[in-house]
Amino acid sequence: SNNLMLAHHIQEICMLRSYWKGDYVGAEENFRNALLIPSAMAQSYVAVFHVFFGGLVSFQVYRMLGGEDRLNEGRKMMEKMKMWAHTSMNVFGNKWHLLKAEYFASINENDAAKESYF
């Protein structure tokens, strides 16, 4: 419905705003709220932003506060981006490589992180 789509878009916009302000915990909250509206995300072009920034936020907050659920959520977003990258490397490849680098940085594999993005 239009109300679900609007609610989802509001959460996405709030996530992006919080992310760019450096409020990663707030961005994580908006990310999780948007996940509560999965049917809206599946129909939205905004899904790419949700997956990409959701992965970045999950890894960043994991490095700040810990929590295996955050690492797992980031990994899930990375795998979804990987699937899209295999479909269109020109569009999604750079996002997938950055999420991989963020994942490796999160598990203290700094050499693998550098290698993943370069």
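Trainee: Leaving aside neighbours within four places in sequence, which residues is Trp-84 in contact with?
Mentor: Trp-84 is in contact with Ala-47, Val-48, Val-51 and Phe-92, where contact means heavy atoms within 4.5 Å. Please note that this is a predicted model: local features need pLDDT of at least 70, side-chain atom pairs count only at pLDDT 80 or more, and totals for chains, interfaces and linings use all residues. Residues are numbered from 1 along each chain as its sequence is written, and side-chain values use heavy atoms, with hydrogens and water left out.

Trainee: Where is Trp-84 found?
Mentor: Trp-84 is found in helix H5. Helices (H or I, at least four residues) are DSSP runs, numbered from the N terminus. Trp-84 and Trp-96 are 12 residues apart in sequence, and their C-alpha atoms are 8.6 Å apart in space.

Trainee: How many aromatic pairs does the structure hold?
Mentor: The structure holds 8 aromatic pairs. Rings of Phe, Tyr and Trp (its six-membered ring) pair if their centres lie within 6.5 Å; planes under 30 degrees apart count as stacked, over 60 as edge-to-face and the rest as tilted. In the pair of Trp-20 and Phe-53, the ring centres are 5.8 Å apart and the planes stand at 70°, so this pair is edge-to-face. Because Trp-20 lies in helix H1 (residues 2-20) and Phe-53 in helix H4 (residues 47-65), the pair ties together parts that are 33 residues apart in sequence.

Trainee: Is Trp-20 buried or exposed, and what of Phe-53?
Mentor: Trp-20 is exposed, at a relative accessible area of 64%, whereas Phe-53 is buried, at 9%. Buried means under 20% relative accessible area, exposed over 50%, and partly exposed in between (1.4 Å probe, protein chains only).

Trainee: And how are the rings of Trp-84 and Phe-92 placed?
Mentor: Their centres are 5.6 Å apart and their planes are at 45°, so the pair is tilted. Phe-92 is buried, with a relative accessible area of 16%.

Trainee: Which residues form one aromatic cluster?
Mentor: Tyr-19, Trp-20, Tyr-24, Phe-52 and Phe-53 form one such cluster. Beyond its neighbours within four places in sequence, Phe-53 is in contact with Met-15, Leu-16, Tyr-19 and Trp-20.

Trainee: Which residues of the largest nonpolar core touch the most other members?
Mentor: They are Tyr-19, Phe-52, Phe-53, Leu-56, Met-81 and Leu-99, out of 21 residues in that core. A nonpolar core is a set of buried Ala, Val, Leu, Ile, Met, Phe, Trp, Tyr and Cys residues joined through side-chain atoms within 4.5 Å. H1, H2, H4, helix H5 (68-87) and helix H6 (89-106) each give two or more residues to this core, and H4 gives the most, with 8 residues.

Trainee: Changing topic, what lies over the face of Trp-96?
Mentor: Lys-100 does, at 4.2 Å from the ring centre. A charge sits over a ring if NZ of Lys or CZ of Arg is within 6 Å of the ring centre and within 35 degrees of the ring normal.

Trainee: Which residues of H6 are buried?
Mentor: Lys-100 and Trp-96 are among them, as are Phe-92, Leu-99 and Glu-102. What covers the buried residues of H6 includes H4, H5 and helix H7 (110-117).

Trainee: Is Glu-28 buried or exposed?
Mentor: Glu-28 is buried, with a relative accessible area of 6%. Glu-28 is found in helix H2 (residues 24-35). Not counting residues up to four places away in sequence, Glu-28 touches Val-57, Val-61 and Arg-70.
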